[in-house]
Amino acid sequence: MIYTVTLNPSIDYIVEVEDMKLGSLNRMSRDLKLPGGKGINVSRVLNQLKVDNTATGFLGGFTGRFIEDWLREEGTSSDFVPVSGDTRINIKLKSGEETEINGTGPEITAAEAEALMNKLRNLQAGDIVIMSGSIPPSLGGDFYNRLIAVCKQQGAQFVIDTTGQALQQALEHSPLLVKPNHHELAELFGVTISTREEIIIYGRKLLEAGAQHVLVSMAGEGALLITEQGVYAASAPAGQVRNSVGAGDSMIAGFVGTLSCEGDVLEAFRTGVASGSATAFSDDLADGGFISRLRPQIQITQL
Ligand SMILES: Nc1ncnc2c1ncn2[C@@H]1O[C@H](COP(=O)(O)OP(=O)(O)OP(=O)(O)O)[C@@H](O)[C@H]1O
Ligand SMILES: O=P(O)(O)OC[C@@]1(O)O[C@H](CO)[C@@H](O)[C@@H]1O
């Protein structure tokens, strides 16, 4: 079974303004409210791919209820710890470019945190836990480490999609997958990366540090997969970008869902790229039919 953990879910409030002017009254030309948070996005795409999974983490208030209702109505299984604060609302402003304003998230009490730990203590050997996104400040920066320790105790694999120190600390515990984008990879090593060769050099360092698979996503330029077996490049299909929020999460869903069901790394890579692109070309996250139509367009080459 796959579980996703979203410590800091959100309603993603997607707002389009024709010509945004700071300091003036602007009117929206379109708006859309979607359940968000990285792990929740992964779960929703896994659901589209018909891969059994359960989304967990913390949800609270009217915003939390919106997310829970949405997931139930679309058939994405969830088992969140209820918290007393309101789940945050993140603003995704589209006005030519995409600008994001993410909230810090509600206060999580020690008892609420412990309730999530207890849920994870029921993991079975062979389960996969996908942990994604920011940590609400009240949980402390090492909360992922605590979750990883529980995964290890229970014999579960884990995937972590975070940045900086939290990612660095997780590597020694051998995550099944890490998926920085090329900017995050450069930031992690404090370098500027401008060529594919440099991405491979730094991607390999993540492998050496313990990751089992390293996916480096490059938005419209596709992605690189770095494993012990080799380095592979995939092109992204051409299409009209509608909303790239969640493209990376969709890629993780496609990769991990396919790897866990079929065990074939390159097919997992193909589905990962197709899922990311299908989301980039959609208003909401990718749907299963769109991912299937894009899959044959993904060219993979070994480097
Ligand atoms: N403009 C695009 N055209 C085609 N495919 C795209 C585009 N943007 C993203 N994708 C697909 O989604 C994958 C992940 O995108 P990206 O590299 O932007 O991840 P990310 O930075 O983690 O995304 P986000 O934080 O927005 O979820 C890419 O490797 C690609 O397959
Ligand atoms: O603030 P975080 O947790 O880093 O990121 C949260 C978020 O930006 O990530 C998702 C897209 O990947 C969105 O659904 C959500 O709003």
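The legends below describe close-up views of a predicted model. Local features are given where pLDDT is at least 70, side-chain atom pairs count only at pLDDT 80 or more, and totals for chains, interfaces and linings use all residues. Residues are numbered from 1 along each chain as its sequence is written, and chains are lettered from A and ligands numbered from 1 in the order in which they are written.

View 1. The shell around ligand 1 holds 20 residues, and Ser217, Gly220, Ala247, Gly248 and Gly276 come nearest. A residue is near a molecule if its C-beta atom, placed from the backbone, lies within 6 Å of it. Two or more residues of this shell come from each of α8 (247–262) and α9 (265–280). Helices (H or I, at least four residues) and strands (E, at least two) are DSSP runs, numbered from the N terminus. Sorted by class, the shell has 10 nonpolar, 9 polar and 1 charged residues. Here Ala, Val, Leu, Ile, Met, Phe, Trp, Tyr, Cys and Pro count as nonpolar, Asp, Glu, Lys and Arg as charged, and the others, Gly among them, as polar.

**View 2. Surroundings of ligand 2.** Ligand 2 is surrounded by 16 residues, of which Gly36, Asn90, Asn102, Gly133 and Ser134 are the closest. At least two residues of the shell are supplied by each of β2 (10–17), α1 and α8. The class count for this shell is 1 nonpolar, 11 polar and 4 charged residues.

**View 3. Helices α8 and α9.** The axes of α8 and α9 come within 7 Å and cross at roughly 150°. Axes are lines fitted to C-alpha atoms, for helices over the stretch in contact, and angles run from 0 to 180 degrees between N-to-C directions. The angle therefore makes α8 roughly antiparallel to α9. Angles under 35 degrees count as roughly parallel, over 145 as roughly antiparallel, 65 to 115 as roughly perpendicular and the rest as oblique. The α8 and α9 crossing is right-handed. A crossing is left-handed if the near helix is turned anticlockwise from the far one by less than a right angle, and right-handed if clockwise. Residues of the contact between α8 and α9 divide into 12 nonpolar, 9 polar and 2 charged.

**View 4. Helices α6 and α7.** Helix α6 (residues 182–189) packs with helix α7 (residues 196–208) at an angle of about 60°, and their axes are 10 Å apart. The two helices are therefore oblique to each other, and their crossing is left-handed. His182, Leu185 and Phe189 in α6 meet Ile199, Tyr202 and Gly203 in α7. Two residues are in contact if their C-beta atoms, placed from the backbone, lie within 7 Å. By class, the residues of this contact are 4 nonpolar, 2 polar and no charged.

**View 5. Ala186 in helix α6.** Ala186 is placed in helix α6 and counts as partly exposed, with 17 C-beta neighbours inside 10 Å. A residue is buried if 20 or more other C-beta atoms lie within 10 Å of its own, exposed if 12 or fewer, and partly exposed in between, with C-beta atoms placed from the backbone. Apart from its neighbours within four places in sequence, Ala186 is in contact with Val191, Thr192 and Ile193. Lys38 is 148 residues from Ala186 along the chain, and their C-alpha atoms are separated by 21 Å.

**View 6. Helix α1 and Lys50.** Helix α1 is mostly covered, with 11 of its 11 residues buried. Among them are Lys38, Arg44 and Gln48. Lys50 follows α1 and lies in the loop between α1 (38–48) and β4 (53–60). Lys50 counts as exposed, having 9 C-beta neighbours inside 10 Å. The phi of Lys50 is near 60°, a positive value in a residue other than glycine. Most residues other than glycine have a negative phi.

**View 7. Ser174 in a loop.** Ser174 sits in the loop between α5 (164–171) and β10 (177–178). Phi of Ser174 is positive, near 60°, and Ser174 is a residue other than glycine. With 14 other C-beta atoms within 10 Å, Ser174 is partly exposed.

**View 8. Val81 in strand β5.** Val81 belongs to strand β5 (residues 81–83) and is partly exposed, with 19 other C-beta atoms within 10 Å. Leaving out neighbours within four places in sequence, the contacts of Val81 are Phe58, Glu112, Ala115 and Leu116. Val81 and Leu116 are 35 residues apart along the chain, with their C-alpha atoms separated by 6.3 Å.
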